[in-house]
Every structure is written in structure tokens, then in C-alpha cells.
Amino acid sequence: MPDGYTDPIFVEDIGESGFRIEQQYNHFNIGISPQPSPGLFIRAVCQMLLKQIKQKQARIGIIGLGYVGLPLVIEFGRAGFQVVGLDIDPAKVDRLNRGESYIKHIPSKTLRELVEQKQFKSTTDFSSVSNLECILICVPTPLNSNREPDMSFIIATAREIAPHLKKDQMVILESTTYPGTTRDVLIPELESGSGLKANQDFYVAYSPEREDPNNKDFSTSTIPKVIGADSEYAMECANTLYLSFINKTVPVSSTQAAEATKLMENIFRSVNIALVNELKVIFDKMGIDIWEVIQAASTKPFGYMPFYPGPGLGGHCIPIDPFYLTWKAREFGITTRFIELAGEINVAMPEYVVNKILLALNEKGVSVKGSRVLILILGFAYKKNIDDDRESPSYKIMELLLQYGAEVEFHDPYIESIGVKREYPQFTGKKRVSLDSIDQFDITIILTDHSDYDYEAIVKQSRLVVDTRNACAKIKSDKIIKA
Ligand SMILES: NC(=O)c1ccc[n+]([C@@H]2O[C@H](COP(=O)([O-])OP(=O)(O)OC[C@H]3O[C@@H](n4cnc5c(N)ncnc54)[C@H](O)[C@@H]3O)[C@@H](O)[C@H]2O)c1
């Protein structure tokens with residue numbers, strides 16, 4: 001800025017003639033029209049967006065109202081911003097506009113308050129993007145049938161919003177993805193569909209979600225947020241935006257570094273879970289209880305962090321995200337051996353559990369094949385105390401048991417009936433059974449250790465229990481087999 005001038009304090013689009021930029025020169029307000037230089041204009045506009053963010057006048061759009069998008073709606077709303085939710089699913093939009101959450105651990109109460117105060121509304125109409133200042137994208141990033149990144153949701157979203165994009169807006173991608181997505185996929189789509197230039201006309205950042213559903217120790221606002229942007233202005237705006245409701249942000253040098261950070265975190269989990277799953281199998285053969293060993297090892301005050309074995313990986317993140325890097329690494333001629341080995345071990349876990357079940361039945365003189373063996377699966381969600389059953393290993397275990405000729409029923413306090421699952425269409429609509437009938441089953445398998453269950457009572461009523469989560473740790477009974 002030339003000597004004597006302040007940063008611009010006001011910018012107005014005056015059409016053909018450019019912009020009226022108001023700044024102070026030696027304490028006098030002056031108006032400059034049209035814009036004097038592109039550099040000054042960018043700085044001025046950023047100041048305007050920043051000002052709107054700081055004053056909570058920026059209107060926020062959240063695209064993808066799922067497990068990641070909905071908590072963000074609530075946090076932005078609580079922080080005092082106007083929030084518009086955009087989703088392609090009209091049923092979700094209708095429910096949310098009635099103030100009803102469709103996710104169990106996200107309470108309707110706050111949503112309803114935001115709707116009643118006219119601070120939050122949802123829509124399927126993407127033209128509303130033109131009335132927003134900051135747009136956050138939280139759409140799914142699954143793997144396709146070849147186990148390669150499925151970018152179709154990000155691309156579809158970019159194509160929906162690009163025609164409505166205006167100057168001075170900020171777009172932030174939150175979906176988990178491989179390094180380079182923001183720069184090589186999102187920005188080109190937004191630029192070609194809008195005719196605008198990223199980080200000059202509009203600003204772009206990447207900030208991965210670190211949501212841990214239903215974790216009572218951390219909430220969206222207390223989990224530090226990593227932010228990457230490819231321009232100073234974009235970083236300043238994104239950082240200010242998140243600091244309005246998050247205690248701590250972690251700015252990194254680029255969108256790629258932020259994308260890589262998220263993948264690293266999830267790969268770390270996947271590899272460590274695989275390691276402990278492998279140790280479980282080895283120790284079991286040696287007659288050693290892995291859970292006891294983990295508890296003892298966890299007393300080491302440095303250099304150790306506990307991970308726990310289970311029936312296999314589940315959820316939208318850990319079974320999927322590592323393979324985003326595997327795919328990208330191939331482009332650089334690198335094989336991700338650790339990631340793939342971890343994947344192999346974790347994917348083999350449902351089969352391990354099923355073998356344990358077959359052996360346990362065999363010990364009791366019950367053969368699965370040819371006889372009517374009823375197996376009750378407790379817990380369909382991929383982790384305790386939530387209703388998310390995406391990628392849950394319970395599906396694979398149920399499928400394998402059916403193939404062996406068993407009759408299988410399930411119970412989950414959070415899941416009444418099984419919804420549509422791309423990989424398991426045969427289970428759609430299957431309803432949970434009542435826990436009252438537990439004694440009629442040959443075996444009860446604990447696949448998710450929901451806190452709602454009374455495990456004493458379950459063990460008492462069951463004929464045999466296979467416990468994959470150490471849920472029955474405190475119960476002494478020879479009916480319990482750990483798997
Ligand atoms: N669930 C988690 O715990 C978690 C944690 C961290 C990161 N993530 C990542 O966040 C992203 C979103 O995950 P999620 O769990 O919230 O998914 P979700 O399936 O719960 O929600 C995604 C929402 O996006 C909507 N949608 C799909 N395509 C759309 C489009 N073109 N335009 C608008 N809306 C669209 C869907 O209808 C759905 O409501 C993924 O990349 C995921 O890997 C998830």
C-alpha cells in the first residue's frame with residue numbers, strides 16, 4: 001500500500017466502470033473509481049470478505065448434509081452465521097427444514113432452534129449459492145468398484161455450483177481425498193463452469209473434517225482444524241472463518257499438504273489396527289489374551305498408544321481413505337506396501353471371527369451346515385453408540401454365516417432395519433429382532449459394544465457368546481469366547 005493509505009475499508013461493485021474502493025488517505029476517506037490496480041482490488045475484496053466473516057455477516061453454505069455437514073451446520077449456526085444447507089436428497093432437506101435430525105447422535109433440538117430462528121434452511125436448489133459468501137463442500141468420497149477414488153460427487157458438486165459462483169466468494173473442500181484434488185479437480189471445474197479465476201476472483205481452501213461421531217471428549221469446536229490454501233488471502237479468510245467456532249486452527253502451506261495430512265491420520269489408524277489384529281490372532285494361538293496385554297502396554301507413559309482389535313474395519317473413512325493414497329502413489333511409480341498389507345489383514349478379520357464361531361459351535365456339537373443354527377448378531381453399527389452402519393464388518397460376517405447355512409438375525413438399539421447397501425442388496429429391509437428371544441439362539445455374537453446393552457443379562461440368557469470387542473471383560477462365564 002502506498003505511504004499514507006490505509007487498507008481499503010469498503011468495496012462496491014459498480015458494474016462496467018469497475019469497483020469503488022474506499023480507503024483512507026491521511027485520515028480522510030477517499031473513493032477511487034474504477035479500480036486502480038488488480039493487486040489493490042484483490043486486497044480490497046479480501047478485506048471485504050474478511051470483514052463479513054469477522055462480523056458474522058458472511059452467509060454460509062454447507063453442501064452435503066451428512067455426518068460431516070450437519071455438525072458444521074450446527075457449529076456455524078451457534079456461532080451466529082446464517083446457514084444454508086444444500087443436498088441432492090429432497091427427503092433429507094424436508095426433514096431438516098422441519099428441524100428434525102436424521103442422525104441419532106445429532107440432536108434435533110439445536111437444529112429446530114436454528115430453523116425456528118430462521119438461521120438455517122435447507123434446499124436442493126443450487127442457484128442459492130449466488131447468495132452465499134462461503135461454501136463448504138462435504139460430499140462423499142467413496143471407492144468405485146475397482147477400489148479407485150470415486151471423484152464423481154466432488155465433480156458433480158463443482159458443476160452444480162460453478163454457474164452460480166460469483167466474485168469474492170470462498171469455496172472450501174472438506175471431503176477426504178488424495179493430495180492434489182483441490183488444485184487439479186475442484187478448481188478447474190469451478191473455473192471452467194464460472195469463467196472466474198481461483199484465488200483471484202474467488203478463494204479456495206481445503207480443510208479436512210476430523211469428526212469422531214459421538215466422542216464425548218471432543219466436539220467439532222475442540223478438535224484443531226487443519227487448513228490448507230494456495231494463496232495468502234484464501235488462507236486468511238478460511239482461517240478467520242473457522243476460528244469463529246473452533247478453538248485452534250493449524251494452517252499448512254498448501255491444499256495438498258492439508259489433503260495429505262488427513263490421509264496420513266487415517267492410514268496411521270488403519271495400519272495400527274491391522275497390527276493389533278495380527279497380534280490378536282498370534283496371541284490367541286498362544287493362549288494369551290490380547291486385551292490384557294494392551295491394557296498392560298498402555299501403562300507405558302511414552303512411545304505407546306493403544307489400538308484395539310475388532311471384527312474388521314467399518315465406517316466411511318478407515319477402510320476407504322488409505323486407498324486414495326495407494327491410487328495416487330501409483331502415478332508416481334510407488335507401491336504402498338504398508339497400506340495394502342494393513343488392508344489385507346483388516347479385511348481378513350470377518351473371516352477370522354466366523355471361523356471362531358464355527359469352532360465354538362463345533363465344540364458344542366452343533367454343525368452350522370445341515371442343521372438350524374440361529375445366530376444373533378448384536379450390533380450392526382461399525383462403532384459403539386452410533387447408528388452409522390456404512391462398511392460395517394457385520395455385513396460380511398452375516399453374509400459368510402448365511403453361506404455356511406446358518407439362520408442369522410440381528411439386534412442393534414440404533415438400527416431398526418437395514419437400509420439400502422450397494423454391496424449387500426440381499427439384506428435391505430431386514431428388521432432387527434427383539435432381545436427377549438435371545439435364549440432361542442444357539443449363539444450370540446457381539447460385534448459392536450454399544451453401551452446400551454446389559455452384558456450380564458445377555459451372557460446369562462445366551463447359550464454361547466462370541467465377543468469380538470471385549471465387552472464382557474468383567475463377566476466370568478465359560479460361555480464367553482473371545483474372537
Ligand atoms: N463420517 C465421518 O465420520 C467422516 C469423518 C471425517 C471425514 N469424512 C469425510 O467427509 C465426507 C462426507 O462424509 P459423510 O460421512 O458426511 O457422508 P454422508 O454420506 O453422511 O453425507 C454426504 C451427503 O452428501 C449428499 N450429497 C451427495 N452428492 C451430493 C451432491 N452432488 N450435492 C450435494 N449433496 C450431495 C448426500 O445426499 C449426503 O447427505 C467424505 O469425504 C468423508 O470421507 C467423514
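A residue counts as buried if 20 or more other C-beta atoms lie within 10 Å of its own, as exposed if 12 or fewer do, and as partly exposed in between, with C-beta atoms placed from the backbone. The model is predicted, so local features need pLDDT of at least 70 and side-chain atom pairs count only at pLDDT 80 or more, while totals for chains, interfaces and linings use all residues. Residues are numbered from 1 along each chain as its sequence is written.

**Exercise 1.** Classify Tyr 404 as buried, exposed or partly exposed, and state which residues Tyr 404 touches.

*Solution.* Begin with the location: Tyr 404 sits in the loop between α13 (393-403) and β13 (407-411), where helices (H or I, at least four residues) and strands (E, at least two) are DSSP runs numbered from the N terminus. Next, take the count: Tyr 404 is partly exposed because 16 other C-beta atoms lie within 10 Å. Finally, leaving out residues up to four places away in sequence, Tyr 404 touches Leu 358, Val 368 and Lys 369; contact requires C-beta atoms, placed from the backbone, within 7 Å.

**Exercise 2.** Give the strand order of the open sheet that contains β13, and identify its edge strands.

*Solution.* The order of the 5 strands is β13-β12-β14-β15-β16, with parallel pairing, where two strands pair if DSSP finds at least two bridges between them. The edges are β13 and β16 (480-482), each of which pairs on one side only.

Methods:
Contact = placed C-beta atoms within 7 Å.
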